[in-house]
Amino acid sequence: LVALVLAALAQNPASPAFHFVLLGDRTGEAQPGVWEQVWKEAAAEKPAFFLGVGDTIQGGDDATAESEWRQAERTLAPYSRFPLYLAPGNHDIWSPASERLFQKYTGHPPHFSFDYGSAHFTILDNSRGDELSAEEMAFLESDLERHRAQGVKFIVSHRPSWLIDAALRNPHFALHELARKYGVQHVIAGHVHQMLHVAFDGVTYLSAPSSGGHLRASRSEEHTSELQSL
């Protein structure tokens with residue numbers, strides 16, 4: 001399993017449904033040709049857009065980072081008709097120079113948000129630390145407040161900073177409390193190259209498998225790996 005095609009439907013029945021592709025990590029012991037095949041097959045589904053959870057380049061070296069982004073850009077050229085939204089991964093941003101390149105080649109700052117129909121997506125940056133910083137949490141809350149009226153809400157980051165709390169079904173950690181306060185239904189990450197799924201208190205936590213990086217065994221706290229309509 002290398003990419004998920006997810007469907008979203010706002011609470012307003014009059015709002016049209018749409019589907020989008022969720023891309024896992026490309027890098028981290030990258031398997032040659034897999035990312036390219038993922039794009040080819042996913043594009044055939046004619047999604048509204050692609051949403052990536054990060055680690056688009058191998059990175060780690062300011063001297064070679066731009067050439068890696070250019071190579072990724074060449075690979076994606078045939079699919080330029082599809083909007084692409086990328087969360088920053090630890091392989092994408094590790095220094096001020098790499099942050100500037102991320103913005104240059106993705107067209108977005110490290111954290112941002114966007115709407116599609118009645119759905120709202122908040123992209124957070126935890127590329128340089130396992131936790132979501134106070135700055136990211138402040139951005140998240142202000143963003144959710146501004147888009148309170150959107151019917152379906154997603155929070156996306158590279159690292160699953162929520163992993164332990166969600167697995168233990170802790171209702172009191174800060175991200176979960178904000179999700180519940182503003183009606184966020186879906187919290188998505190990558191990084192661990194493994195599909196993990198936990199749902200409680202009306203919030204679904206999903207860690208996407210990789211889309212080119214090595215795969216680890218996948219499991220679900222609900223004991224199913226079946227894709228569900230969101």
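Tutor: Let's start with a unit: β2, helix α1 (residues 34-43) and β3 together form a right-handed β-α-β unit. Before going on, note that this is a predicted model, where local features need pLDDT of at least 70 and side-chain atom pairs pLDDT 80 or more, while totals for chains, interfaces and linings use all residues. Residues are numbered from 1 along each chain as its sequence is written, and side-chain values use heavy atoms, with hydrogens and water left out.

Student: What makes the unit of β2, α1 and β3 right-handed?

Tutor: A crossover gets that name if, with the strands pointing away from the viewer, the path from the first strand over the helix to the second runs clockwise. The unit of β2, α1 and β3 is right-handed.

Student: What makes something a helix or a strand, and how many of each does the protein chain have?

Tutor: Both are DSSP runs, numbered from the N terminus: helices are H or I with at least four residues, strands are E with at least two. The protein chain has six helices and 10 strands.

Student: How do you know that β2 and β3 pair?

Tutor: Pairing takes at least two bridges found by DSSP between the strands. β2 and β3 have three bridges and pair in the parallel sense, with Val21 opposite Phe50 in β3.

Student: Why is β6 called largely enclosed?

Tutor: Buried means under 20% relative accessible area, exposed means over 50%, and partly exposed is in between (1.4 Å probe, protein chains only). Five of the five residues of β6 (residues 119-123) are buried, so the rest of the structure largely encloses this strand. Ala119, Phe121 and Ile123 point one way, His120 and Thr122 the other, and all are buried. In β2 (residues 18-23), five of six residues are buried, which leaves that strand mostly covered.

Student: Which strands pair with β6, and in which sense?

Tutor: Strand β5 (residues 112-116) runs antiparallel to β6, joined by five bridges, and Tyr116 stands opposite Ala119. Strand β7 (residues 152-156) runs parallel to β6, also with five bridges; there Thr122 faces Ile155. From β6 the chain crosses through helix α4 (residues 134-146) to β7, again a right-handed β-α-β crossover.

Student: What lies between β5 and β6 in their hairpin?

Tutor: Two residues lie between them, and Gly117 in that turn has a positive phi of about 60 degrees.

Student: What is the order of the six strands in the open sheet?

Tutor: The order is β5-β6-β7-β8-β10-β9, with mixed pairing. β5 and β9 are at the edges with a single partner strand each, so one side of each has no neighbour in the sheet.

Student: Why is Gln185 called buried?

Tutor: Its relative accessible area is 16%, under the cut-off for buried, so Gln185 counts as buried. Gln185 lies in the loop between α6 and β8. A polar atom of the Gln185 side chain is 2.9 Å from the backbone oxygen of Gly151.

Student: Asp55 and His191 both have a positive phi; is each buried or partly exposed?

Tutor: Asp55, in the loop between β3 (50-52) and α2 (62-76), has 2% relative accessibility, so Asp55 is buried. Its phi is about 65 degrees although Asp55 is not a glycine. His191, in the loop between β8 (186-189) and β9 (196-200), has 25%, so His191 is partly exposed. Phi of His191 is near 75 degrees.

Methods: Polar contact = N/O pair within 3.5 Å; in protein donor to acceptor, adjacent residues only side chain to side chain.
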